[in-house]
Amino acid sequence: MNDKTHQHTAAPAVILTVAVASFVLAALCATLWAVAAVIFGIREAAPPMLLLVFAMSATVAAAIGVVTKARHESTAPFGMHAILAAGVAAITIAYGALLGVVGAYGLWAAAGIPVTALLAMYLISRLSKGVYLYSGQQVSSIILCFAHMMGVFLFAIAASLPFYFMIVASVRPRALLLQNPTNLTIPVKEGFANLFNGYVEVITRFKFARYILNSTVVSLLTVVITLIPAILGAYAVTRLRFRGRKFLSNAILLIYMFPAIVLAIPLYSIFTQIGVRNSLFGLLIVYPAMTIPVALYMLRSYFQTLPRDIEEAGLIDGCTRGGVILRITLPLSMPALASVALYVFMIAWNEFLFAFMFLDNPEIFTLSRGVVSLNTQEVPRQFLMAGSVIITVPIIVLFFYFEKFLVGGLASGGVKG
Amino acid sequence: MCARASRALPSSSVKVSVKRARTIRQQEKRLAIAMLTPAIGIVMAIVILPVLTNFWISVKPIALGDLRPPAPLARRHIRDATADATADATQGDAIVRYILRNSSATKELRDILIEDTLPPGYRPLIPLPDNFTLDGTVLTARYDRWAPGHTNTVEIPFTIATAARDTTQWEEQPLRVSADADNILSNFQFTLNNFRTVIQSADFISLLLTTIVYTCGGASGAILLGLCAALIVNKDFFARGMLRALLLFPYVAPIIAVAFTWQFLLDPLSGLINSLLLAFNITDGPIPFLSQRPTAMMSVILFDAWRYSPFAYLFILARLQAIPKELYESAMMDGAGIMRTFRSITLPHLSGIIGTIFLLRFIWTFNRFDDIFLLTGGAAGTKTLPIAVYDSAFGRNDIGGAAATAVLLFVFLSIFLIIYLKVYKREKIEV
């Protein structure tokens, strides 16, 4: 079997050998695991059922191993694809179990198969002295490849599961969820229109239409109110010479060392006495103060990369500074402006603390405050999840659409915390 | 060069050009100030000023009720005396009772003035009681000083000249009041009581420890997860672009939505996590993650790590992609294994950025309020200093205590920062 490591063509005989070997290997691991499961009492096993599940997964693993091996014709050691395939099969079985398709045995199979497969390969390579199946490097490349794939899968699940759950929980009524909490399918059986019951309720009865309007208005206005001082300030810090300029450009972000809660209490009392507390106007004063430093910082970094020559040419031609900014600098920095605008919009839309503390009047609630008002005993959790989806979807959509800009913005100045 | 120039050019034009240079510099400076004023002005007003106010409030003896200065309160109650069987001539046609009191139980009022415009035909019987005078149709009461909690009731008999005895319009008309009072915020009374109360309270040490544990756990967790995510995305694979976008969701989504979803996920009755644990036979019964002592803190730290790992992931990925590939190739040729290359090549390149990220996340997690408040409200051992500030201010109406806690929060953060910066002397923050 040692000439398998240097295959370059996928002759039918080779494919067959790989298929059989993969199947045998996978079935061996599965059986070992089944035995261990029974011995350690993980499940009062119904052995036929268990073995059936494992055999299924082994077959799937072998099939995928064969297909990938034939397609890639690579110099990868044999069995690596089988291992990878076993991993994929295991994970698929695990989710089948979650969806109620396979029994819970499947979950243990999912955990056990890849582990024992890896162990088996390692032991074999160690034990076959002089007739190496795998060199140390190949073993480590197998492990690396497997860990990488597992990592991709796990992180994708970890990042997206709560969001998928949010959507599912907003369309599954409480009764169904209590019945089988692990069933994460979307219940289309009761009719497609019924799915959106929660959303209709939330938008009409709980006035979310109004909240959406409020949030949009506040966020857009915050963007405008933030950008103007930020552009002026960034321009001043990069293009004009004055004492204290270095200190200012380095110290801008120190503002974020102060916790919002420390600002909140004095602002609460002062705004109450002035009378702007329970109003969107109060929010519009606070939000720009929170976003101007980071906007200034991001724009400053970008302005520093713009060449001065064009601006100086404009100045020589008789433009005022304001004219230079409007006609030369701003058009050149559209991507940065878009990035900053998006970032500020996101901060204002997601903001919770001040909206929660300042707003008492339901007419002027923003979405953040509105969703909190759904978190009571009388309101079914389904509606709360529907509200959560409503507040999340616009940001995710904006994010997908403008992904380049946001990622650039977050990476170069993502210091809102 | 300047000396040669002054010999070559007539002195007047040198002076002119020097003056012009100075004016340009001044012009720029003035323009810079004008351009920076909106930004700095807003930030000063909304951020710096409240922080200073916080420091100010923390050393004053104050409660939430004190934020509104005391005011005189006056109510009027009209009783028809002619229907009263025991009435005599001295009681007039109606008796008006004025109920006057100080709105504050702790502060005095001075120079109190209360005015009531009488409707036509209504006249109080003279002699008027003390402090009351009649000016045309305006009945005025003047007092020099009302003690804290002062209240007094004055009954004045009235005669009614008109036939109609309709008092509804009069009843609806409010009394005009004015007075002088001390505003606790503006006098010069100081006290360290607030700090004493906070530091000596039984759970202050546990508050501090909880905050430190939460901060270190959350920051380390975020960096760990971010590091793994960056390592995974660094290699090319088939759905890489989609995964890159997906990994940023936890950071971009609104805190409200994510916090409530996690609350639901960890719910003992209908939550996914608990039913998965039961299905795997790991536990016998559901675990109330967010209401039990050790698990609440672990859940909160895990949530923090999950939500802010994309931040670490972005920076680490940028740094990873800047490591030259030749280093890895030569390591592979030298026969180094995965762990060895990771330890000797990858980690040293990343140590700078990881230190910076840890610093930033430490600051922000130390100050974090929203997450814990939404997940557990500070229950089951997850009460950190920011939560304590909120509880003092709005739960117990103890503004002074809240301000003191906030000051202590800032002080501790500064101490940790200084220690950190001294121990790990890194270059300036390279964000």
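Buried means under 20% relative accessible area. I apply this cut-off throughout the entries below, and I note that the model is a predicted one.

**Entry: Ser333(A)**

I looked up Ser333(A) and found its relative accessibility to be 0%, so I count the residue as buried. I then located Ser333(A) in chain A: the residue sits in the loop between helix 13 (321-332) and helix 14 (334-350). Setting aside neighbours within four places in sequence, I list Tyr302(A), Phe303(A) and Leu306(A) as the contacts of Ser333(A).

**Entry: Tyr211(A)**

I next turned to Tyr211(A), which belongs to helix 8 (residues 208-239) of chain A. Its relative accessibility is 4%, and I therefore record Tyr211(A) as buried. Which residues does Tyr211(A) touch, not counting those up to four places away in sequence? I noted Phe206(A), Pro362(A), Phe365(A), Thr366(A), Leu367(A) and Gly370(A). I also checked the C-alpha atoms of Tyr211(A) and Ser368(A): they are separated by 8.7 Å, while the two residues lie 157 residues apart along the chain.

**Entry: helix 4 of chain B**

I moved to chain B and examined helix 4 (residues 193-200), where the buried residues are Asn194(B), Phe195(B) and Val198(B). Viewed down the axis of helix 4 of chain B, these buried residues fall within an arc of 95°, so I describe them as lining one face of the helix. What does the face turned away from the buried side of helix 4 of chain B carry? There I recorded the exposed residues Thr197(B) and Gln200(B).

Definitions and conventions
Residues are numbered from 1 along each chain as its sequence is written. Chains are lettered from A and ligands numbered from 1 in the order in which they are written. This is a predicted model: local features need pLDDT of at least 70, side-chain atom pairs count only at pLDDT 80 or more; totals for chains, interfaces and linings use all residues. Side-chain values use heavy atoms; hydrogens and water are left out. Helices (H or I, at least four residues) and strands (E, at least two) are DSSP runs, numbered from the N terminus. Buried means under 20% relative accessible area, exposed over 50%, partly exposed in between (1.4 Å probe, protein chains only). Contact means heavy atoms within 4.5 Å. The arc is that of the directions from the helix axis to the C-beta atoms.
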